Amino acid sequence: MTLLINLAGLLLMAGIVWWFWLSNSTGKSQAVSDQDTTIVVADGVYKPATLHARAGETLTLHFDRRDPSPCAEQVVFHGLDVSEFLETGSITTVILNNPPAGEYRFTCQMQMYQGRLIVSPATAPRMKEET
C-alpha cells in the first residue's frame, strides 16, 4: 500500500513539473508592433505566450488577468528590469520602451507562468502572425 501511495505521489510531482516547465505551449505566437497587444493570463498560461517585435519600437502590452491565482498577480520581464502587478478581472498596461534585440522571458514572480518576447534587430524582416 505504501508503495502505491509513493508511486502516486511521484506521478503527481512529475505531472506538475511537466505542466509548468516542460510542456510546449500550443498557443500561437503574435507579432507586436506599434499596435496594442493583449495577453490573456488564465489557466496557468499566457496567451499568446510568444511575442515577436523589432528593436527600436515602443511596445504596449495589455495583460488581461482572468486567473485569481496568487501566482498570476505579477508579470516580470527578465533582462529588461520591468515588472508590474496585475489586478484580477482588469487589464493592466505594460509599456516597454525600445527594448534591444534579444530574447526575453516574461514570467510570474514564481516563474510558473512563462512567455517569451523575441526582439529582432530593426533591419530584420517583420514576423507574420501565426494562424
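# Reading a predicted fold

Me: What share of the contacts in the protein chain with a separation of 6 or more comes from residues 24 or more positions apart?

Reply: Contact means that heavy atoms lie within 4.5 Å, and in the protein chain residues 24 or more positions apart account for 60% of the contacts with a separation of 6 or more. This is a predicted model, in which local features need pLDDT of at least 70 and side-chain atom pairs count only at pLDDT 80 or more, while totals for chains, interfaces and linings use all residues. Residues are numbered from 1 along each chain as its sequence is written, and side-chain values use heavy atoms, with hydrogens and water left out.

Me: Which helices and strands make up the secondary structure of the protein chain?

Reply: Helices (H or I, at least four residues) and strands (E, at least two) are DSSP runs numbered from the N terminus. Here they come to one helix and ten strands, and from the N terminus on the order is α-β-β-β-β-β-β-β-β-β-β.

Me: How do I read the pairing of strands, and how many bridges join β5 to β8?

Reply: Two strands pair if DSSP finds at least two bridges between them. β5 and β8 run antiparallel and are joined by six bridges, with L59 having L96 in β8 as its bridge partner. β2 and β5, by contrast, pair in the parallel sense over five bridges, and T38 stands opposite H62 in β5.

Me: Is β5 mostly covered or mostly open?

Reply: The general idea is that in a regular strand the side chains alternate between the two faces of the sheet. A residue is called buried under 20% relative accessible area, exposed over 50%, and partly exposed in between (1.4 Å probe, protein chains only). In β5, seven of its seven residues are buried: L59, L61, F63 and R65 lie on one side, and T60, H62 and D64 on the other. Across the protein chain, buried residues make up 39% of the 131 residues.

Me: And what does T92 touch, if I leave out residues up to four places away in sequence?

Reply: T92 lies in strand β8 and counts as buried because its relative accessible area is 12%. With those residues left out, T92 touches L61, H62, F63, E84, F85, L86 and E87.

Me: How many residues does the largest nonpolar core have?

Reply: In soluble globular proteins, nonpolar side chains tend to be buried together. A nonpolar core is a set of buried Ala, Val, Leu, Ile, Met, Phe, Trp, Tyr and Cys residues joined through side-chain atoms within 4.5 Å. The largest one here has 24 residues, and those with the most contacts inside it are Y46, F63, V75, F77, L96, F106 and L117. β2 (37-42), β4 (50-54), β5 (59-65), β6 (74-77), β8 (91-96), β9 and β10 each supply at least two residues of this core, and the largest share, three residues, comes from β5. Leaving aside neighbours within four places in sequence, V75 is in contact with several residues, including Y46, F63 and F106.

Me: How many salt bridges does a search of the whole structure find?

Reply: A salt bridge is a side-chain nitrogen of Lys or Arg within 4 Å of a carboxyl oxygen of Asp or Glu, and the search finds two. One joins R116 to E103, with the closest N and O atoms 3.2 Å apart. This pair links distant parts of the chain, since R116 is in strand β10 (residues 114-120) and E103 in strand β9 (residues 102-107), 13 residues apart. R116 counts as partly exposed because its relative accessibility is 36%. In the other, the side chains of D64 and R66 meet at 3.0 Å, N to O; D64 is buried at 13% relative accessible area, whereas R66, at 55%, counts as exposed.
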